[in-house]
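Please look over the structure shown here.

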Amino acid sequence: MRRGICNMIHKKCRNSVYPLSNVQRFSVPDDKVSWDVSFPQYSPVIYTSKVLQGKPWADPDIGDSSFTPKWNVLDDGGKINRISYVSQYSVDHDNSPLNPCGRTGIKGRGVLGRWGPNHAADPIVTKWKRRKDNSIEIEPATNKPILQFVGIQRRDSGEWAIPGGMVDPGEKVTTTLRREFMEEAMNSLEKNPDELKNAEKVITEFFQEGEEIYKGYVDDPRNTDNAWMETVAYNFHDETGEIVGNMNLQAGDDAKNVRWIDVSDSLVLYASHKDLVLKVAEKHKSYW
């Protein structure tokens with residue numbers, strides 16, 4: 001039986017030590033990732049971090065008598081989205097959902113709150129890089145304009161990333177996009193009421209013009225055989241640079257740094273974020 005249709009071979013969630021732990025993944029070669037391929041030697045460790053215990057945003061363990069999840073549907077009265085953007089996923093003999101992109105070398109949830117898909121939203125905020133005379137800077141070898149995006153440095157891994165985050169139960173993706181950008185790139189949680197009101201007004205208006213550029217699986221190092229990250233990514237472009245381009249960026253919440261970053265093929269970003277940024281660069285026909 002086919003257990004999921006995935007258009008990528010995930011790499012960042014295989015053959016390494018699981019994040020924020022010393023738990024070693026079982027080695028999975030490329031030709032054994034798919035569940036459709038027999039791999040009788042496969043014997044991954046089961047790992048669910050203790051940090052999830054008792055958290056209101058986290059599922060109980062599989063087998064807990066109080067936990068009766070409904071897979072591949074909107075669960076808990078529509079509050080918890082257990083539908084994958086990739087495909088309908090299968091469920092193992094112990095009622096654990098199976099990663100539609102295949103084996104990862106570890107079972108359990110790791111540090112992810114939900115069994116099955118964990119949905120995030122990633123706002124890719126861009127502007128043109130400009131010279132002092134306000135003209136758009138051109139990359140000389142390709143004669144293409146240089147695009148910049150707002151990137152944050154994660155507190156947990158130190159890697160640079162898009163300022164996104166988890167969709168809360170019952171929350172609209174559009175709300176998540178705006179909230180995460182405000183929290184991580186503008187430090188909204190620590191702004192005074194007047195500053196917060198002004199920033200929210202600008203960002204709310206600006207985020208009405210976004211365009212979806214990706215919806216699907218994320219090759220995230222936190223993924224396991226039974227829990228994985230998926231996202232919806234939107235591009236919000238400031239063509240003149242006079243809206244968010246003039247706003248004061250300030251790292252907050254899960255971010256320890258924030259800045260405008262030039263888009264290029266040499267980018268090194270968290271998870272699948274480089275792929276998402278390059279999709280935006282292609283859309284704007286910019287240098288990368």
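Predicted model: local features only at pLDDT ≥ 70, side-chain atom pairs only at ≥ 80, totals over all residues.

Residues are numbered from 1 along each chain as its sequence is written, and side-chain values use heavy atoms, with hydrogens and water left out.

**The helix pair α1 and α2**

- Two packed helices are described by the angle between their axes and the distance between the axes.
- Here α1 covers residues 173-185 and α2 covers residues 193-206. Helices are DSSP runs of H or I with at least four residues, strands are runs of E with at least two, and both are numbered from the N terminus.
- The two helices pack at an angle of about 135°, and their axes are 11 Å apart. Axes are lines fitted to C-alpha atoms, for helices over the stretch in contact, and angles run from 0 to 180 degrees between N-to-C directions.
- α1 and α2 are therefore oblique to each other. Under 35 degrees counts as roughly parallel, over 145 as roughly antiparallel, 65 to 115 as roughly perpendicular, and the rest as oblique.
- The crossing of α1 and α2 is right-handed. That term applies if the near helix is turned clockwise from the far one by less than a right angle, and left-handed if anticlockwise.
- On α1, the contact is made by Arg178, Phe181 and Met182. On α2, it is made by Leu196, Ala199, Glu200, Ile203 and Thr204. Contact means heavy atoms within 4.5 Å.
- Five residues of this contact are nonpolar, one is polar and two are charged. Ala, Val, Leu, Ile, Met, Phe, Trp, Tyr, Cys and Pro count as nonpolar, Asp, Glu, Lys and Arg as charged, and the others, Gly among them, as polar.

- Phenylalanine 207 sits in the loop between α2 and β11 (211-217).
- Its relative accessible area is 10%, so phenylalanine 207 is buried. Buried means under 20% relative accessible area, exposed over 50%, and partly exposed in between (1.4 Å probe, protein chains only).
- Leaving aside neighbours within four places in sequence, phenylalanine 207 touches residues including Leu177, Arg178 and Phe181.
- Threonine 175 is 32 residues away along the chain, yet the two C-alpha atoms are separated by 9.6 Å.

- Asparagine 235 belongs to strand β12 (residues 227-238). Its relative accessibility is 3%, so asparagine 235 counts as buried.
- The side chain of asparagine 235 reaches the backbone oxygen of isoleucine 124 at 2.8 Å. It also makes a polar contact with the side chain of threonine 126, at 3.1 Å. A polar contact is a pair of N or O atoms within 3.5 Å; within protein, one must be able to donate a hydrogen and the other to accept it, and residues adjacent in sequence count only if both atoms are side-chain atoms.
- Asparagine 235 and threonine 126 are 109 residues apart in sequence and 7.3 Å apart in space, C-alpha to C-alpha.
- Arginine 14 lies in the segment before β1 (45-48). Arginine 14 is buried, at 5% relative accessible area.
- A polar atom of the arginine 14 side chain lies 2.5 Å from the backbone oxygen of histidine 10.

- Leucine 147 is in strand β8 (residues 147-154). With a relative accessible area of 0%, leucine 147 is buried.
- Isoleucine 146 is in the loop between β7 (144-145) and β8. Isoleucine 146 counts as buried at 10% relative accessibility.
- Beyond neighbours within four places in sequence, leucine 147 contacts Lys127, Trp128 and Asp262, among others. Among the contacts of isoleucine 146, on the same terms, are Lys127, Trp128 and Asp262.

**Positive phi**

- Most residues other than glycine have a negative phi, and most peptide bonds are trans.
- Asparagine 95 has a positive phi of about 75° although it is not a glycine. Asparagine 95 is partly exposed, at 34% relative accessible area.
- Lysine 285, also not a glycine, has a positive phi of about 55°. Lysine 285 is in the segment after α3 (273-284), and counts as exposed at 63% relative accessibility.
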